[in-house]
Amino acid sequence: MPKVTPDLFAILNDPKAEAVLAKLYKAALKQGWTMVFHFLPKAFKLLGKGVNWKTENEQFYDDKYIPIVPAQGTFLYMQARALNAKNILEFGTSYGISTIYLAKAAKDNGGKVISTEYLSHKVKAARENIEEAGLSQYVDILEGDARETLKNIDTELDLVLLDGWPDLVFPIFKLIEPKLKKGAIIAVDDVEGFKPSMQDYLDYVRNTENGYISMTIKPNKGMEFTIKVK
Ligand SMILES: C[S@@+](CC[C@H](N)C(=O)[O-])C[C@H]1O[C@@H](n2cnc3c(N)ncnc32)[C@H](O)[C@@H]1O
C-alpha cells in the first residue's frame with residue numbers, strides 16, 4: 001500500500017470522508033509487519049498459483065483491516081459514478097474502508113449501499129467510522145453471515161464488491177446473481193493471491209455463455225472486474 005497522503009482520496013471531494021480514510025489506512029498500515037510475517041512463508045504461493053483459503057487461520061484476521069488499496073477504492077468510486085449506481089452491495093465490510101468509497105458514490109448518485117459483516121466488533125467500528133465520515137444515511141450494514149443476511153435482498157443491484165473470505169465468493173455471487181441488473185459491475189478483490197479458492201467463480205464469469213465478460217484488472221492490486229451483459 002502507498003504512503004498515506006491526502007491527495008490519495010482527493011477524488012472523493014469530501015474532506016470528512018477523506019480524513020477518515022486517511023486515519024483508517026494509517027491504522028491498517030500499522031498492521032503491515034504482522035501481515036508480512038504472516039504471509040512470508042507463503043510468498044511463493046501468493047505470487048505464483050495462489051494460496052488456498054482453507055489453509056488460513058481465520059482468527060488471525062479478527063482484528064485485521066485487510067482493506068482494498070486506495071487505487072481500487074478510487075476505481076470503484078469512479079465506476080459507480082459512471083454507472084450512476086444507486087444500489088450497491090458489498091460482501092465484507094471489515095472496518096468500513098471500502099464501504100466509505102462506495103457510500104460516497106451512493107451519496108453522489110442518490111443511492112444506497114448494503115454491506116455485510118459477521119464480526120460484531122467490526123460492524124460496530126465500521127458504523128462509527130462511516131458516521132464520522134458523514135455517510136451513515138447511505139449505508140446499511142447487515143450484521144451476520146452473508147449466506148443468511150444476503151438471502152432476501154429485494155433490490156436490483158448495479159454494483160457489487162465481493163471482498164469477504166475467498167472460498168465464499170462464488171456461493172455469495174450465486175446467491176445474489178438473480179438480483180444483478182444487466183450492465184451490473186461485480187468486483188472481486190484478492191483474485192490473484194487466493195486464486196485456488198476463487199477458481200469456481202473465475203471459470204463461471206469468464207465463460208461468456210453465462211452472460212458475463214470478465215478480466216483481472218490491476219488498480220495497484222489484482223481485482224476481477226466483471227460486467228453482466230445479458
Ligand atoms: C478482506 S476483509 C474486507 C475488507 C473491506 N472490504 C475493506 O476494503 O475495507 C473481509 C471481511 O469479510 C468478513 N467476512 C468473511 N466471511 C464472512 C461471512 N460469511 N459473512 C459476513 N462477513 C464475512 C470478515 O470478517 C472480514 O472482515
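Two strands are said to pair if DSSP finds at least two bridges between them. The legends below describe close-up views of a predicted model.

**View 1. Strand β5 and its antiparallel neighbour β7.** Strand β7 covers residues 223-228 and runs antiparallel to β5, to which five bridges join it. One of the positions involved is Asp189, whose bridge partner in β7 is Met223. Strand β5 is mostly covered, with seven of its 10 residues buried.

**View 2. The parallel pairing of β4 and β5.** The strands β4 and β5 pair in the parallel sense, and five bridges connect them. Leu162 has Val188 of β5 as its bridge partner. Together with helix α8, these two strands make a right-handed β-α-β unit.

**View 3. The buried face of helix α8.** Helix α8 consists of residues 169-176, of which Val169, Phe170, Ile172, Phe173 and Ile176 are buried. Seen down the axis of α8, these buried residues fall within an arc of 165°, so they line one face of the helix. They pack against the strands β1 (87-91), β4 (157-162), β5 (180-189) and β6 (212-217), and against the helices α7 (146-149) and α9 (195-205).

**View 4. The packing of helices α8 and α9.** The axes of α8 and α9 lie 7 Å apart, and the helices pack at an angle of about 45°. The two helices are therefore oblique to each other, because an angle under 35 degrees would count as roughly parallel and one of 65 to 115 as roughly perpendicular. Val169, Phe170, Phe173 and Lys174 make the contact from α8, while Met198, Asp200, Tyr201, Tyr204 and Val205 make it from α9.

Definitions and conventions: Residues are numbered from 1 along each chain as its sequence is written. This is a predicted model: local features need pLDDT of at least 70, side-chain atom pairs count only at pLDDT 80 or more; totals for chains, interfaces and linings use all residues. Side-chain values use heavy atoms; hydrogens and water are left out. Buried means under 20% relative accessible area, exposed over 50%, partly exposed in between (1.4 Å probe, protein chains only). Helices (H or I, at least four residues) and strands (E, at least two) are DSSP runs, numbered from the N terminus. The arc is that of the directions from the helix axis to the C-beta atoms. Contact means heavy atoms within 4.5 Å. A crossover is right-handed if, with the strands pointing away from the viewer, the path from the first strand over the helix to the second runs clockwise. Axes are lines fitted to C-alpha atoms, for helices over the stretch in contact, and angles run from 0 to 180 degrees between N-to-C directions. Angles under 35 degrees count as roughly parallel, over 145 as roughly antiparallel, 65 to 115 as roughly perpendicular and the rest as oblique.
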